[in-house]
Structure formats: C-alpha cells, structure tokens
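Please look at the structure first and then read the points below.

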Amino acid sequence: MKKRFLPLLVFASIVCISFTGGDDEKVYLKTITKIKQEGFNNSKAMSTLFQLTDVIGPRMTGSTGMKKAEAWAKQQLEDWGLQNVQIERWGTFGKGWETQHCYVAMTAPYYQQLIAVPKAWTPSSNGTIKADAIVVNIETVADMAQYDGKLEGKIVVKATNQLAMPNFSADAKRLSDEDLCHLEEDPHVAKGVDEKSVPATNRTVRASRQAIDSFLYSQKAAAVLSCVRRSTMGTVFTSNGASRAWDAKPVLPELEMGIEHLNRIERLLKDKKKVSLELNVQNTFLMNDSTEYNVIAEIPGTDLADEVVMLGAHMDSWHGSTGTTDNGTGTVICMEAVRILKAIGVKPRRTIRIALWSGEEQGLLGSNGYVKKHIGDRKTMKLKPEHGKIAAYYNLDNGAGKIRGIYAQGNDAVVPIFRAWLAPFKDLAANTVTNRNTGSTDHIPFDAIGVPGFQFIQDPLEYGSRTHHTNMDSYDRVNENDLMQASIIMASMVYHTAMRDEMLPRKPLPKKQEEKK
C-alpha cells in the first residue's frame with residue numbers, strides 16, 4: 001500500500017509553486033507556429049555553425065580569424081535580407097595575437113608527445129627548445145627565493161598541487177525539475193545556487209602571477225609549462241598568459257597542459273630522474289591595427305521603427321579549439337533567429353537589431369563600447385536619446401544547451417510578461433522565469449545603464465566540464481535539436497517584444513558610479 005504512494009511523494013517534492021502569466025499579455029500563437037515550422041523543418045543552424053567554427057576556426061579578438069568571422073557574418077546577414085548591415089567600430093584593443101604551431105614532447109627518460117596549448121599573448125620559442133625540466137612550486141612572492149639562480153636554460157614545470165582523481169559525476173548535465181524550481185525561488189530564501197567563492201590561496205596566486213612571470217623571465221628560464229586545475233583526461237583549459245597592452249612586460253613562452261602529463265614529469269623529477277623536453281611554438285603578435293568591431297544588422301520596424309529590440313552574442317573565442325560552445329552556438333542561434341523571422345515574412349512594429357560582439361572574453365569590451373557609443377556613459381549616467389528607444393536586449397552565452405527559461409535580472413514587472421510569452425513552449429521545456437540576476441556576459445552593460453537586458457537559462461551539458469575555454473570546444477559537442485529549439489525561442493521572444501504596444505517595463509535608473517579615490 002505504501003509503495004503505491006511513493007511516486008506521488010517523490011513528484012510532490014519537486015513541484016514548483018505555480019505562477020500565472022500576464023492575463024492581458026498578447027501571445028501571437030499563429031506566428032509561433034510559423035517560427036516553429038521554419039525553425040524545425042528548414043533549419044540552417046548547423047550549416048551556419050559549421051561555417052563559423054570548422055571553416056573559420058578560432059576567433060580571438062584582434063586575430064585574423066575574428067576579422068574573417070566579421071566579414072563572413074556581414075555577408076551572411078546581407079544574403080538573408082537584413083538591412084543596415086555593418087561592421088561597426090567600438091574602440092581600440094591592444095595587440096592582436098594568434099598561434100600557428102605548437103609541439104611539445106618529453107624525450108627522456110623516454111619519448112612521449114604531450115598535449116599542450118600556448119597561453120594567449122605569450123611569445124614564440126624562436127625555434128625548437130631542448131632542455132631539462134625543473135619543477136617549481138611558487139604560491140607567493142616569498143617562494144621565489146629558493147629558485148634564484150637555478151632556472152637558467154631550464155623548462156620550468158609549475159607544480160599542479162593536485163591529483164587527477166576519478167570523476168564519478170557525469171560530464172554532461174540537463175537541468176532537472178528540482179534545479180529549475182530552486183532557480184525560480186528568490187535567492188534570499190533559496191538553497192544556494194550562487195557561484196562559490198574562490199579559495200583564498202587561489203586569489204593569492206593570481207594576485208602574484210605577474211611577479212612570478214617576471215621572476216621566471218629574469219632567471220632566464222627557457223619556457224614554462226603550467227596547468228588549470230580542471231584540465232584532465234586530455235581536456236586543456238586555455239587562458240591568457242600575458243597582457244595585450246602595447247607596453248606589456250616581456251614573459252617566457254608558456255604552454256598549458258593536462259594534470260596527468262605535468263604530474264608525471266613532477267613524479268619523475270622527485271625520484272631524481274632526469275626529464276628532458278623539447279618544444280616548438282610559433283605565435284604572432286598582430287600590431288598594425290588595434291581597432292576592433294561589432295557586426296550589426298537590422299530587420300526594419302513599421303509604425304514603431306524608431307524603437308529597437310536587440311538580440312546578440314559574442315562572436316570572439318579563445319584559441320584552444322574552434323570556440324563552438326563559447327560562443328559559436330550563441331552567435332548562430334541569434335543569426336538563425338533573425339533568419340527565421342525574415343523567412344516567414346514578419347513585419348515587426350519595432351526594429352529588430354542583431355549585434356555580434358567582439359572582446360567579450362577580455363571583459364565585455366564590444367558590448368560596453370556599443371553601449372557607451374549609442375546609449376550612454378555608465379560612470380556618469382549621461383544618457384543619449386537611444387537609451388529611451390531600446391525596448392530590450394536578449395543575450396545568449398552559456399554553451400550549447402537548449403533554453404530552459406530566462407533570468408529577469410531583478411525586474412519584477414517583466415516576470416508575468418515573460419511567463420505568458422514562454423507558456424507556448426512548455427512542451428519544449430522552456431518555461432522557467434526567475435527573477436534572479438546572472439552576470440559575466442554581454443547583457444550586463446545594458447542592464448547596468450537601465451536598459452532591460454536579459455540572459456537565458458540553458459542546460460549546461462558539458463560546458464563547465466569539457467568545452468568552456470578548452471581544446472575540446474568543437475562542433476562535435478553540439479546537439480542539433482537544442483540549437484533549433486533555442487533559435488525558435490529567441491525568435492519568438494524578440495518578435496513579441498517588437499510587437500508589444502508598450503516597451504518592456506524598466507527597473508529604476510541606476511545612480512552614477514562614485515569615482516574611486
């Protein structure tokens with residue numbers, strides 16, 4: 001008898017509180033049907049993704065790949081019939097950088113080729129370096145003294161201080177009903193889903209990274225091998241190893257590797273075995289032009305054409321792979337959304353404007369530049385006329401997973417509106433609306449200056465475990481159904497915002513930022 005009720009009890013434990021949408025909010029079901037039919041039956045998402053990732057490749061801001069991507073995106077949007085397509089300057093960036101060749105191997109006590117990726121903005125090796133390895137364990141500036149005079153001509157291996165333990169959790173994850181229920185709760189009462197604080201020891205290492213790099217350079221070491229803590233089982237997380245500034249201090253060639261390869265070298269050296277390595281890295285600094293750009297295009301509006309609904313994603317990536325889930329998928333979903341709307345012949349009341357940003361990976365530079373140029377100055381809160389004309393900005397930048405809902409960014413007034421607009425997509429598992437904030441991507445410059453800016457909730461899949469900033473961020477990690485679903489929902493949200501009688505409600509205008517003394 002009790003067993004018969006067990007499923008009901010389990011189900012009840014994960015049921016969310018029921019919220020109704022805006023009863024008076026108009027939902028264009030016939031247009032949604034057209035969007036679905038075009039998005040599922042005539043999708044161009046995967047072929048567009050192939051061109052951006054496999055054909056063009058990595059897209060570091062300031063690199064040749066990024067310039068190619070901008071020209072390609074402009075041409076593609078024009079071919080689909082969008083208007084006012086332009087590659088628009090947002091500012092200057094510093095030195096561009098790209099890598100052309102990378103090889104590293106252990107040659108003694110036996111030969112073993114190693115998996116490695118150059119750190120961005122580090123120099124070439126100027127030919128093949130053959131040298132013995134030495135392990136250094138520097139966590140603070142004070143640790144440097146013990147290595148003074150011992151590193152010249154050596155390939156420095158930074159100690160990982162970590163074991164490569166078995167992983168008993170799946171790499172890929174879909175958000176469960178329970179996850180989404182917690183997400184809908186106010187963060188002040190919900191069980192924590194916020195980002196974990198960074199351990200103090202890591203902050204100490206990061207704070208002294210420049211000092212460590214300068215020390216290794218001054219000691220005339222030949223090169224450096226290092227590791228990000230999550231780099232295991234052939235997945236290498238990539239990052240920058242030096243500044244892109246014109247006057248950046250010189251550093252050594254540095255490669256990032258997996259824990260298993262570095263730990264093997266360290267174990268051998270601790271056992272007094274000689275470890276010899278060879279490496280050859282060819283990187284190029286691009287210094288002719290530091291101007292950087294965003295790609296902008298529009299579907300013109302009708303009776304409210306001077307008002308704008310924006311959607312966007314950053315098109316730049318890191319260099320370890322082809323930048324597919326970060327953020328080729330977000331770029332393609334936005335492109336596919338406007339393609340769908342053009343293909344079904346919508347006549348939006350407001351102008352729909354797509355923006356494909358650069359410089360996101362270095363600090364939301366492209367979107368910040370756009371906001372400052374067109375909307376206003378966040379520091380002084382001196383606003384331009386366009387500030388009052390942007391109905392909303394929708395962003396996508398959390399991997400390749402399907403959309404599960406949207407973050408309302410603390411804007412209570414839009415919650416019932418979004419619930420109404422997402423209700424038809426319950427069968428696509430995309431009807432969660434949370435009033436929580438989410439950060440670290442290109443909706444933030446809009447939200448920070450008082451323009452409604454939103455990021456979607458997505459299934460994480462392998463984003464945090466295998467693809468985000470890694471050498472495995474490739475086309476193969478994308479699920480076509482997820483890409484089609486996200487494109488359809490993006491198109492619908494943008495369309496409904498463009499057709500609404502009034503612009504979306506806004507939060508109170510932020511105050512100007514106080515200058516730091």
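The side chains of R349 and D501 meet in a salt bridge, with N and O 2.7 Å apart; a salt bridge is a side-chain nitrogen of Lys or Arg within 4 Å of a carboxyl oxygen of Asp or Glu. R349 lies in the loop between α9 (324-343) and β12 (350-357) and D501 in the segment after α14 (480-499), so the pair ties together parts that are 152 residues apart in sequence. The model is predicted: local features need pLDDT of at least 70, side-chain atom pairs count only at pLDDT 80 or more, and totals for chains, interfaces and linings use all residues. Residues are numbered from 1 along each chain as its sequence is written, and side-chain values use heavy atoms, with hydrogens and water left out.

- R349 is buried, with a relative accessible area of 19%, whereas D501 is exposed at 64%.
- Buried means under 20% relative accessible area, exposed means over 50%, and partly exposed lies in between (1.4 Å probe, protein chains only).

**Other salt bridges**
- R404 forms a salt bridge with D459, and their closest N and O atoms are 2.8 Å apart.
- R404 lies in strand β16 (residues 403-407) and D459 in the loop between β18 (453-458) and α13 (463-467), so this pair ties together parts that are 55 residues apart in sequence.
- Both partners count as buried, R404 at 7% relative accessibility and D459 at 0%.
- Salt bridges that share partners join K119, K158, D213 and E254 into one network.
- E254 lies in strand β8 (residues 254-257) and K158 in strand β6 (residues 155-158), so the pair ties together parts that are 96 residues apart in sequence.
- A search of the whole structure finds 25 salt bridges.

**The chain as a whole**
- The chain has 14 helices and 18 strands; these are DSSP runs numbered from the N terminus, helices being H or I of at least four residues and strands E of at least two.
- Buried residues make up 53% of the 517 residues.
- Among contacts between residues at least 6 apart in sequence, 86% join residues at least 24 apart, where contact means heavy atoms within 4.5 Å.
- The C-alpha atoms fill a box of roughly 75 × 70 × 50 Å, taken along the principal axes.
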